[in-house]
Structure formats: structure tokens, C-alpha cells
Amino acid sequence: QVQLVESGGGLGQAGGSLRLSCAASGSIFSINAMGWYRQVPGKQRELVAVINSGGITNYVDSVKGRFTISRDNAKNSVYLQMNSLKPEDTAVYYCNADIKTGWTARTRGYWGQGTQVTVSS
């Protein structure tokens, strides 16, 4: 059993900052890519940022230069530092991780429960 637990969402102001955290726990053999997605009502979930096991990152254009993704492999955790927030960043943010639960197991994607981020103008 694997769980991803997010924290750090809430209310922020335009131009301000928030930091999201996500910790994976359970039967974890290895974690490959970890990422953050977001979703607003009526729209598809979109990838915000991803980081692979080697630390290489990628961002959606709308957050480049404002958001920073990082991970702590020792803690099975991923973080999203969000600076220069905009009202359009308002969404539910989901953590995702590609995890193997054993040497012969297939890599599966796991999701957190989501955390609301609301940015006021």
C-alpha cells in the first residue's frame, strides 16, 4: 500500500508565495518521476511541474520562472515552491509519483488527495 499526502495549500495573495509538500509512504522500492498537477472545475488536470530521479525538471510554460519543484529522495518527498502567485494559479493541486513497490513490480502512478490553492487578487 502506497500513500501520497500533500500539505501546504491554502489562501495566498497575488504576488505572494506558497509552498506545497508531498510525502510518499508505504511499500516503496523506488520512486522515479514525481510531479505536481492542477485542476480547476470543468477543465482537464494539467501537469505543472515534474522532476525525475536525477533531478531534471520540466515546467508548464505558465509557471516557468515562478514555480520551483524539488525533491528529497531520502524522505520520499517532493515540493513545489510557488512565487509571484497569480489568481489564475487557483486550482486543486495534486501530487503524483511513479513508484515501484518491489524489485519485480511494475512502475505505477500514484496520486495524492489534492490540496486547494486559492490566490486572491
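**Salt bridges and beyond**

Author: Going by the rule that a side-chain nitrogen of Lys or Arg lies within 4 Å of a carboxyl oxygen of Asp or Glu, the count comes to four salt bridges. Keep in mind that this is a predicted model, where local features need pLDDT of at least 70 and side-chain atom pairs count only at pLDDT 80 or more, while totals for chains, interfaces and linings use all residues. Residues are numbered from 1 along each chain as its sequence is written, and side-chain values use heavy atoms, with hydrogens and water left out.

Reader: Ok, what does D89 form a salt bridge with?

Author: One partner is R66, with the closest N and O atoms 2.8 Å apart. D89 sits in the loop between β8 and β9 and R66 in the loop between β6 (57-59) and β7, so the pair ties together parts that are 23 residues apart in sequence. Strands here are DSSP runs of E, at least two residues long, and helices are runs of H or I with at least four, numbered from the N terminus.

Reader: Are D89 and R66 buried or exposed?

Author: Both are buried. Buried means under 20% relative accessible area, exposed means over 50%, and partly exposed is in between, using a 1.4 Å probe and protein chains only. There's also a network: salt bridges with shared partners join R38, E46, R66 and D89.

Reader: And where's R38 in the chain?

Author: The side chains of R38 and D89 meet in a salt bridge, 3.1 Å from N to O. R38 is in strand β4 and D89 in the loop between β8 and β9, 51 residues apart. R38 is buried, as is D89.

Reader: Which residue does D61 pair up with in a salt bridge?

Author: That's K64, with the closest N and O atoms 3.0 Å apart. D61 counts as exposed because its relative accessibility is 61%. K64 has a relative accessible area of 45%, so K64 is partly exposed.

Reader: Switching topic: how many disulfides are there?

Author: A search of the whole structure finds one, a disulfide being a pair of cysteine sulfur atoms within 2.5 Å. C22 and C95 form the link, with sulfurs 2.1 Å apart. C22 is in strand β3 (residues 18-26) and C95 in strand β9 (residues 91-100), 73 residues apart. The link is left-handed, with -75° about the S-S bond, and both cysteines are buried.

Reader: What stands opposite C95?

Author: W36 does. Strand β4 (residues 30-39) pairs with β9 in the antiparallel sense over eight bridges; two strands pair if DSSP finds at least two bridges between them. On β5, the bridge partner of W36 is A49.

Reader: How do β4 and β5 run, and how many bridges join them?

Author: They run antiparallel, joined by five bridges. The two form a hairpin with six residues between them, and G42 in the turn has a positive phi of about 85°. P41 is also in the loop between β4 and β5, and P41 counts as exposed because its relative accessibility is 81%.

Reader: Which residues touch the most others in the largest nonpolar core?

Author: L4, W36, L80, M82 and Y93, out of 28 residues. A nonpolar core is a set of buried Ala, Val, Leu, Ile, Met, Phe, Trp, Tyr and Cys residues joined through side-chain atoms within 4.5 Å. The largest share, five residues, comes from β9.

Reader: Last one: how many aromatic pairs?

Author: Three. Rings of Phe, Tyr and Trp (its six-membered ring) pair if their centres lie within 6.5 Å; planes under 30 degrees apart count as stacked, over 60 as edge-to-face, and the rest as tilted. F29 and W103 are edge-to-face, 5.7 Å centre to centre with 75° between the planes. F29 is in the loop between β3 and β4, and W103 in the loop between β9 and β10 (108-111), 74 residues apart. W103 is exposed because its relative accessible area is 68%. Y37 and W111 make another edge-to-face pair, at 4.9 Å and 65°.
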